[in-house]
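Me: Could you take a close look at one helix packing in this model for me? I'd like the partners, the geometry and the residues that make the contact, with a bit of context around it.

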Amino acid sequence: MKISIEHLLAVLLTAMWAAGAYAASQSEEEELALAYGDKSFVTIASGSQQPIARAPSVATVITAEDIKAIGAADLDEVLETVPGLHVARSPLGYNPIYTIRGISTQYNPQVLMLVNGIPITGVYVGDRSQIWAGMPVENVARIEVIRGPGSALYGADAFSGVINIITKTAADIDGTQLGLRAGSFNSRDAWVQHGGTWGSFDAAAYLRVGHTDGQHQIIAADAVTPTPFPSLAPGPVNLGYDAIDGRIDLARDKWRLRAGYQQRSNAKTGAGVASALDPKGSNFGERISTDLTYQDTNFAPDLDVTVQASYFYITEQSDLTLYPPGYAGFPDGVVGNPYKWERHLRFNLSAAYTGLQQHKLRFGAGTQNDDLYRIRDTNNYTLPPLGTVQDVTDIAPFIRPHSRRVNYVYAQDEWAFIRDWYLTAGVRQDHYSDFGNTVNPRLALVWETAYDLTSKLLYGRAFRPPSFAELYNINNPVALGNPNLKPETNESVELAFAWQATSSLQANLNLFRYQMKDILRFVQNPDTSYTAQNAGRQHGQGMEVELVWDAAANLRLSGNYAQQHSIDETTSQDAGNAPRHHVYARADWRFVPHWILNTQLNYVADRKREPSDTRPPVADYHTVDLTLRSKNQNSDWAVAFKVLNLFNADAREPSPSPGLIPNDLPLAPREWRFELSHQL
Amino acid sequence: MANAPTFLPGMPAFIRHAGSKCRLASLISGAALLFLAALAITSPARAAGDGVLAVIYPDIGEPYRGIFEKIIEGIEDKAGATGANYPVSDDTDIAGLKDSLRHQNVGVVIALGRQGMKTAMALGDGIKVVVGGVLTVPENEAPEIPVISLSPDPALLFARMKALKPGTKRVFVVYNPSFNGWLIKLAKDAASVQGLELVAYEARDLRSAVRYYEEIFAAAEGRSDVLWLPQDPTTVEENSILPLVLQKSWNQSIAVFSSNVSHVRRGVLFSLYPDNAGLGRSLAGLAQGILVSGEYGKRGMMPLRDVQSAGNLRTAKHLGISQQSFDMTLPEQ
């Protein structure tokens, strides 16, 4: 009993000491806030770079501080917090499907992902590589997410949205940081990053190695289950991988040279490429990027000029067992080993001119070459005797090498035509060597309605070019290419309001409607094969509400609600798979000095099936995550502890129509993660 | 000049010196330091001009801690490495700190922040003090010592305002004399030098401040009149006065500038905010002067002259101001 009282006393004294110290530092902070602004402002003001306003849009900017606050280790954890964006999963490697405003497809080429403004799009299916296995965020300075069409500036694939990942420069890192992370499912990561000077260069470097076994939730039934052949279901999903990520950034004067390397090896197959569990299957992927950029903000009076050359290399090498041993006369299973190699060269020139009184002009031109220059295909199902793995690269591959050239020009003007009214008009023409021209305009009317309110009316048109798989696939009866395709398009109208309600409350409201035409789909032929066609239309509408409230000096509450309703026009049914309602709420509470508790709630609701899918709707789910983070400024050590899916919710993402995996794709159960980092 | 650092292998546990973390090392070095301090106390007093600089700053969390680190970088840039930098709190052992400073032959302490100043004042008369990183100091709290305020020099604010809007004739301000009396004296001189009329209203509470702002907006004229918001929690209260000022100034197209940089995000035209490294260099310059002469030169409150600018492009456009050269611009998009 005595020990208990002493213990209690010690705890109380510690708490009183902490509270006293906190109160003292609060008054100091209040004084500093009068000169430097509040905490969030100091963080903004000390950032080395401001986002560049390129065109009026509905955008969300997530800073490195935000990323740290929510304890995110991967890009997808960050993107799930963006209003109107939900990260669903594909059976194929559990690759992310960034569902923006109701537009959801399996390969997800309708979202353009950029790293430092340069696309990381592969040309085979138009996605970000089929061997993805995550993207770490320690080296990310900022993520900008633009919802709605952006092809007038960004060109191809800026269709439902654009995700631009800005990596850290030497100034952002400022010193050397070492980090370690360990968590559930035997997940381990180690990284080092350095920012400083190297001779006359500002130099930044980053290296990360990681491994996970991945979560092992059970797939109860798969594509083989209803057949007479042996299925591996029930069995666990396969999500392990090894990862290496590296990045270098050298800058001097007006020049910047960047290079990035990502390797994924032993990457498992998720729920199976053919929706049949494949624990043996393994993938290897590499992405190498480099760019040389010259920017002169004062090239001539009022003229800012940027010239950029970039190179991007992707290889995807898959060794798959599409169906398990014993399937339809294949004692070793149906084996397919597609390999492919791509390289992309880009060159562009852009300029911004501000010399006219009421106009801001931006114009640019560029060229790029997308080259699927090599493939290799070995399998045991194309040539007799069936069941023997043979090289069919030259005889009957899934695709042959192809390349395309794209040339483009664009222009944009922001015209201040009456006080507080701005009209931005832009147009871009892209010429593709395979399907011809596409022209995409953008109009934005911005009204600075009051000192605390901005209103925007936006119109934009976007395109998504047919991928090489859609144009040139051969020998794959369920996905045959068609060289006579044209791009699918999306037109959207948005009405957006940004309201600084009080000094501590910011509110945004966005309303949107969109119309997709010439949707690219694989359509069934009179026989049982499928060929890519421009077939179908989809429209939708919805809204997003965002709130950020600094409830107290040590408590910030924020969140958003997104609602959408999308209709497939062929069937007049819901387009499917995207949540009609999505709620995200977050609290950041600095409960004692140097310790921050972050709580997140994510509620995903009302996901209908695709029109051809007769299963009942996907069950709603909500998950709660907790992150406890410290930065002990006296020692340069930082620790973070995170629990994801605290209440162990049964969260599932929809498997695609017609439901070969009938019970959908289970997400991870409760998991924990511990992170330690040291600043030298 | 004898300002080279005199580093010891560790620090006693009562002072958490950045980089010294091992408890055992701290205990051993603490014991050694006490011994050396005892020796120092019994030694003859050192002559003026023979000391080094030390910095005392608040033991405070991020992001504000980073501000003090930048100021210290500026100090070290100007003066070379200092004797030691001490994060201090209410729990700091003043006697132990004093001994440590004496032992290191510290001639001048640069005290940063409210906590740094409070600790430095408690050190007594033996060590000279230069203060920075505070807004204002009541005269009875810090008599006869030099203090560089975090309040930007009104002369710089007015010059920037005139550059943005050359037609400016009158500057209105509502201030609480207990916070900004010293600054308004300087502002009146600065205004007349630049051909401006400073119309200053004295308000000691929120209610009278609101009344004065209403008077100002009734009388002000967009072409020639501007409004200055000083750093003042009474007359520039964030939740009631600031929205009122922002709304009326927007509707009447009256330019507002502020000494609080976060107001730029809310919608004031511009602000000047501390260039932390520059402030550090200025503090070091003052301290070095004292070390050399052994005497205080300038004393009392001095406004901040090491500044950077922040501007709100949205408000600038609304006011028809095309000159937009600021170190930082808001809103971000």
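**A helix pair in chain B**

Reply: Happy to. In this predicted model, helix α2 (residues 64–79) of chain B packs against helix α10 (residues 276–293) of chain B, with about 50° between them and their axes 6 Å apart. Because angles from 65 to 115 degrees would count as roughly perpendicular and those under 35 degrees as roughly parallel, that angle makes α2(B) oblique to α10(B). As for handedness, the crossing of α2(B) past α10(B) is right-handed.

Now the residues. On the α2(B) side, the contact is made by I67(B), K70(B), I71(B), I72(B), E73(B), G74(B), I75(B), D77(B), K78(B) and A79(B). Facing them from α10(B) are N276(B), A277(B), G278(B), L279(B), G280(B), R281(B), L283(B), A284(B), G285(B), A287(B) and Q288(B). Sorted by class, that makes 10 nonpolar, six polar and five charged residues in the contact of α2(B) with α10(B).

A bit of context: chain B has 11 helices and 13 strands, and buried residues account for 50% of its 333 residues. Of the chain B contacts between residues at least 6 apart in sequence, 73% join residues at least 24 apart.

Definitions and conventions: Residues are numbered from 1 along each chain as its sequence is written. Chains are lettered from A and ligands numbered from 1 in the order in which they are written. This is a predicted model: local features need pLDDT of at least 70, side-chain atom pairs count only at pLDDT 80 or more; totals for chains, interfaces and linings use all residues. Helices (H or I, at least four residues) and strands (E, at least two) are DSSP runs, numbered from the N terminus. A residue is buried if 20 or more other C-beta atoms lie within 10 Å of its own, exposed if 12 or fewer, and partly exposed in between; C-beta atoms are placed from the backbone. Two residues are in contact if their C-beta atoms, placed from the backbone, lie within 7 Å. Axes are lines fitted to C-alpha atoms, for helices over the stretch in contact, and angles run from 0 to 180 degrees between N-to-C directions. Angles under 35 degrees count as roughly parallel, over 145 as roughly antiparallel, 65 to 115 as roughly perpendicular and the rest as oblique. A crossing is left-handed if the near helix is turned anticlockwise from the far one by less than a right angle, and right-handed if clockwise. Ala, Val, Leu, Ile, Met, Phe, Trp, Tyr, Cys and Pro count as nonpolar, Asp, Glu, Lys and Arg as charged, and the others, Gly among them, as polar.
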